[in-house]
Amino acid sequence: MPQFLYPLLLLACPIGMGLMMWFMTRGGLHASRRSNSVDSPAAHFELDELRREVAELRAAQKDTRETL
């Protein structure tokens, strides 16, 4: 194997990890922009439904604990 390929092989992992971290942080910026649309009425309705469902599940879990 030619001698100039050895440094490239040693740098392949750190460079790949750096690129992955860069792409992941760029994806996080787009996600934060999308989260600003939570003010819509549909989002509030869905959030209220999820809160109701969580409350029901917690009550059911509490009931099962009390019967044990």
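Predicted model: local features only at pLDDT ≥ 70, side-chain atom pairs only at ≥ 80, totals over all residues.
As for the overall layout, the secondary structure consists of two helices and zero strands, and of the 68 residues in the chain, 0% count as buried. The chain exposes about 6,500 Å², and 67% of that area is supplied by carbon and sulfur atoms.

Let me turn to the nonpolar patch, which covers about 660 Å² of the surface and is made by Leu 10, Leu 11, Ile 15, Leu 19, Trp 22 and Phe 23. Ile 15, one of these residues, belongs to helix H1, which spans residues 5–34. Ile 15 counts as partly exposed because its relative accessibility is 48%, and that class lies between the limits of 20% and 50%.

The other patch is one of negative charge, where Glu 46, Asp 48, Glu 49, Glu 53 and Glu 56 gather on the surface. Within this group, Asp 48 sits in helix H2, residues 41–67, and its relative accessibility is 39%, so Asp 48 is also classed as partly exposed.

Technical notes:
Residues numbered from 1 in each chain as written. Heavy atoms only, no water. Patch = residues over 30% accessible without salt bridge, like charges linked within 9 Å, V, L, I, M, F, W, Y side chains within 5 Å. Areas by Shrake-Rupley, 256 points an atom, 1.4 Å probe, with all protein chains shown as cover. Salt bridge = Lys/Arg side-chain N within 4 Å of Asp/Glu carboxyl O. Helix = DSSP H or I, 4+ residues; strand = E, 2+ residues; numbered from the N terminus. Buried < 20%, exposed > 50% of the residue type's maximum accessible area, 1.4 Å probe, protein only. Lys, Arg positive; Asp, Glu negative; His and termini not counted. Charge placed at Lys NZ, Arg CZ, Asp CG, Glu CD.
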